[in-house]
Amino acid sequence: MDVTFINPPQTNSKYKFIGVVAPPLGISYMAAVLEENGYNVNIIDASALEMTWEDLEEELKGNTPQVVAITALTPTIGQANKTAQIAKKTCPQATVVMGGYHPTFNHQELLKTDYVDVVVMGEGEYTMLELVQTLENDGDLSQVRGIALEDQVNPPRPLITDMDSLPFPARHLLPMDHYKMLNMKTGMATMITSRGCPMQCSFCASAALHGPKLRLRSPENVVDEMEHLVRDHHVGTIAFMDDTFTLNHRRVEVICDEIQKRNLNVFWGCTARVDTLSGELLEKMRESGCITLFLGVESADQQMLDSTNKNITIEKIRQAFKLSRKHKIRTIASVVLGMPGDTKDSIKRTVKFVRELNPSYAVFSLATPYPGTRFYKESFEKNLIKVKDWSKYTLISPVLETVDCSLEELRKLQYKAFRNFYLRPGYIIRQAWMDGPILLKTIAGVIREVI
């Protein structure tokens, strides 16, 4: 049985405008599991390849798979639906499957259509395997755990506990030369070394999907994959996409030691909570190749941080950026503007606070309630959501109003935040000395996106 996975054509990736084009790891993991079990698999990353709808249709005509599986996020669900329609038209005998964050929490709306046959909910590796095996043997789909059908929702599949049991993502099926981070041309790859997050921030869709229990890959398994990327794919930069890579200090230290033990010549970056960093840990990370930290700042208002269940303090935020500068690690400050309770004044204080932190880069996102999160549930129940068009859920378009900010006012405040951060002469000189042309491309992308 032939299976084709598709990452739909898309232009509204939430990080593309700052020069990040990342591989679709979810479908790459599922493809690897299917290959391991003897199936013929193909991946079409239409987003990275910047395919048109006509390109995608022609590509499918050349494959004629029996199963077409499409991944979708909330802002890309429109593109995913159009992809499913093209798949049904081009491969009418194929079973069309959809999965990812948005389908997991909104399967009802998808199964009402005549072009989506099955929705895979939650972690999809072994659900997809059982689904394909059942289809191949003309079995009973009602017995496949972790899927939703038009007339029923099957019991959920237990989360994967042994993370080392998963094969490495099937990157040989991806256009690896099309991925980049902060516009860097060096070969780039992403990795996931854990799933689940005990912090459970109210706005985090990843934590909602993968649950509160932290499930870790072993340090040796992690560095095995890094070595594979360097050796077989000539990767020079790796981004760890875990919800919080630095939660377990000892594990990070062992990973750093193993990188140095194997003499891996690779740069890497990761997400980190500000309350998980220390000078000793950052020194070890830097020595093993860490060059970038993605840090959640969110707000300069302690009450706002508490209400979103961030469980961090303003002082911890200051300390994390100070330590990162001391150890010469590039920082990306992630900020959320326009949460319920935010005002014009609190937003302005947050923007000022970020400038004081002096990060290398900053992303000023607008509060966006994604399905499946506590933030969405509360916003829906309180009738705070003003925009129902999923394509606007990009973190750039406002969908919520605050107590004294209209949607248009939030858009203007976001634009001013980006402009006032990136168009400072002192900042441009400092960062251009460090990053050169990368900075200019990033600034240009930001300005184009938010104007």
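Start with Ala333 and select Ala362 in E15, its bridge partner. This is a predicted model, in which local features need pLDDT of at least 70, side-chain atom pairs count only at pLDDT 80 or more, and totals for chains, interfaces and linings use all residues. Residues are numbered from 1 along each chain as its sequence is written, and side-chain values use heavy atoms, with hydrogens and water left out.

Strands pair if DSSP finds at least two bridges between them. Helices (H or I, at least four residues) and strands (E, at least two) are DSSP runs, numbered from the N terminus.

Now show the whole sheet. Six strands run in the order E8-E11-E12-E13-E14-E15, and this open sheet has parallel pairing. Strand E8 (188-191) and strand E15 (361-366) are the edges, each pairing on one side only. From one strand to the next, the twist averages 20 degrees. Axes are lines fitted to C-alpha atoms, for helices over the stretch in contact, and angles run from 0 to 180 degrees between N-to-C directions.

Which strands does H10 touch on this sheet? H10 packs against E12 and strand E13 (290-298), at about 135 degrees to the direction of E13. Contact means heavy atoms within 4.5 Å.

The axes of helix H9 (residues 249-261) and helix H10 (residues 279-287) come within 9 Å and cross at roughly 25 degrees. That makes H9 roughly parallel to H10 (angles under 35 degrees count as such). Show side chains: His249, Val252, Glu253, Cys256, Asp257 and Gln260 in H9 meet Leu281, Lys284, Met285 and Glu287 in H10.

Next, look for rings. The structure holds 12 aromatic pairs (ring centres within 6.5 Å, using the six-membered ring of Trp). Select Phe240 and Trp268: their ring centres are 5.4 Å apart and their planes lie at 70 degrees, so the pair is edge-to-face (planes over 60 degrees apart). Phe240 lies in strand E11 (residues 237-240) and Trp268 in strand E12 (residues 267-272), so the pair ties together parts 28 residues apart in sequence.

Last stop: the other sheet. Seven strands, ordered E2-E1-E3-E4-E5-E6-E7, form an open sheet with mixed pairing. Its edge strands are E2 (40-45) and E7 (152-153). Finish on Leu149, whose bridge partner in E7 is Gln152.

Conventions
Parallel < 35°, antiparallel > 145°, perpendicular 65-115°, else oblique. Phe/Tyr/Trp six-rings, centres within 6.5 Å; stacked < 30°, edge-to-face > 60°.
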